[in-house]
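I am opening a notebook on a structure that is new to me. I will go through the sheet, the pocket and a few single residues.

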Amino acid sequence: MTTTQTDAPVVLYTQGTPNGWAPSILLEELKAAYGAPEYEAVSMSIRDADIGKVHNQVKSPWFLKISPNGRIPAITHGGFPVFETSAILLYLGAHFDPAHTFSRDPAADPRGYSEELQWLFFTHGGIGPMQGQANHFNLYAPEKIPYAINRYLSETRRLYSVLEAHLATRDYLVGGAYGLADIKAFAWVRIADRTGVPLAEFPRVKAWVDRIAARPAVQAGLAVPAPAK
């Protein structure tokens, strides 16, 4: 699949990254719970070296019409585009989770919905950006900058300590039930050891990661997009 020509109601533009995994996990959970929606996953290049050379590159003009920020993930649903991971999760929950198995109902459960937003934004504005910078400076930067490495690893650890404390009295982040906020955070926290933050330092967080990782739909979502043949 190279653009948006598909019969599937949802098209997911993605890559195998924490931000990319979250919507594919939710889509697989929704399919397991309801048998829908069917979706098509389009593998996108996030390499700057591919700009202007590869059609499915995130800075391609056609993709910028879907995701103005030129980043994955993004979806289209009946031609309507949605970008940014948390916005996608909330959109999919609103349209495809009628029993609110994974999402909170803003009308029937406004406080639960608020709590869901709070923990989604905690990852969207905290864990994701901080751990992303830790990954960059610790793993990919052309030169090692100790201040930057220590700064972002320390902040990632601090954010994990918030999760550790929160999980002391519950198995999942919102109301004790697995849902959108868990999916969003799990996608980042599952690669903690690779980032340089051993999960063994946070036993409750590790147990939470293990619970989520054992779900068949999560395993299916982590395999999206399929490797190129």
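**Entry 1: the sheet.** I began with a rule for pairing: two strands count as paired if DSSP finds at least two bridges between them. The model I am reading is predicted. With that rule I looked up the sheet. Four strands form an open sheet, and I read their order as β2-β1-β3-β4. The pairing in this sheet is mixed. I then noted the edges. β2 and β4 (80–83) are the edge strands, each pairing on one side only. From one strand to the next, the twist averages 20°.

**Entry 2: the pairs.** I went through the pairs of strands. β1 (residues 10–14) and β2 (residues 39–43) run parallel, with five bridges between them. I looked for the partner of Y13 in β2 and found V42. On to β3 (residues 74–77): this strand runs antiparallel to β1, and four bridges join the two. Here L12 has I75 of β3 opposite. The last pair is β3 with β4, again antiparallel and with four bridges. In that pair I found T76 bridged to P81 of β4.

**Entry 3: inside β1.** Which way do the residues of β1 point? I found V10, L12 and T14 pointing one way, and V11 and Y13 pointing the other. Is β1 mostly covered or mostly open? I noted it as mostly covered, with five of its five residues buried.

Entry 4: Next I followed the chain from β1 to β2. I checked how the helix lies. α1 lies across β1 and β2 and runs at about 150° to β1.

**Entry 5: the largest pocket.** I turned to empty space. Rolling a probe the size of a water molecule over the atoms shows where such space is left. The largest pocket holds about 1,000 Å³. I noted 30 lining residues, of which N19, I46, R71, I72 and W188 are the closest to the centre. Which element gives the most? I found α4, with nine residues.

**Entry 6: M44.** I picked a residue in a loop. M44 sits between β2 and α2 (61–64). Is M44 buried or exposed? Its relative accessible area is 1%, so M44 counts as buried, the cut-off being under 20%. I listed its contacts beyond the neighbours within four places in sequence. They are Y13, T14, Q15, N56, Q57, V58, W62, F63 and I72. I also took a distance. M44 and L27 are 17 residues apart along the chain, and their C-alpha atoms are separated by 18 Å.

**Entry 7: G175.** I then took another loop residue. G175 is in the loop between α5 (146–166) and α6. Its relative accessible area is 63%, so G175 counts as exposed; the cut-off is over 50%. G175 and P18 are 157 residues apart in sequence, and 24 Å apart from C-alpha to C-alpha.

**Entry 8: backbone exceptions.** I ended with the backbone. Most residues other than glycine have a negative phi, and most peptide bonds are trans. Where did I find cis bonds? One joins A36 and P37, with omega about 10°. P37 belongs to the loop between α1 and β2. Another cis bond joins V224 and P225, with omega about -5°. P225 is in the segment after α9 (216–222).

I looked up positive phi values too. E84 is not a glycine, yet its phi is positive, about 80°. E84 is in the loop between β4 and α3 (85–96). At 33% relative accessibility, I logged E84 as partly exposed. H100 is not a glycine either, and its phi is positive at about 55°. H100 lies in the loop between α3 and α4. With a relative accessible area of 29%, H100 is partly exposed.

Technical notes
Residues numbered from 1 in each chain as written. Predicted model: local features only at pLDDT ≥ 70, side-chain atom pairs only at ≥ 80, totals over all residues. Heavy atoms only, no water. Buried < 20%, exposed > 50% of the residue type's maximum accessible area, 1.4 Å probe, protein only. Axes fitted to C-alpha atoms, helices over the stretch in contact; angles between N-to-C directions. Contact = heavy atoms within 4.5 Å. 1 Å grid on protein atoms, 1.4 Å probe; cavity = no way out; pocket = protein on both sides within 12 Å on 5 of 7 lines; lining within 4 Å. Points joined across faces, edges and corners; volume = space filled by probe spheres on them.
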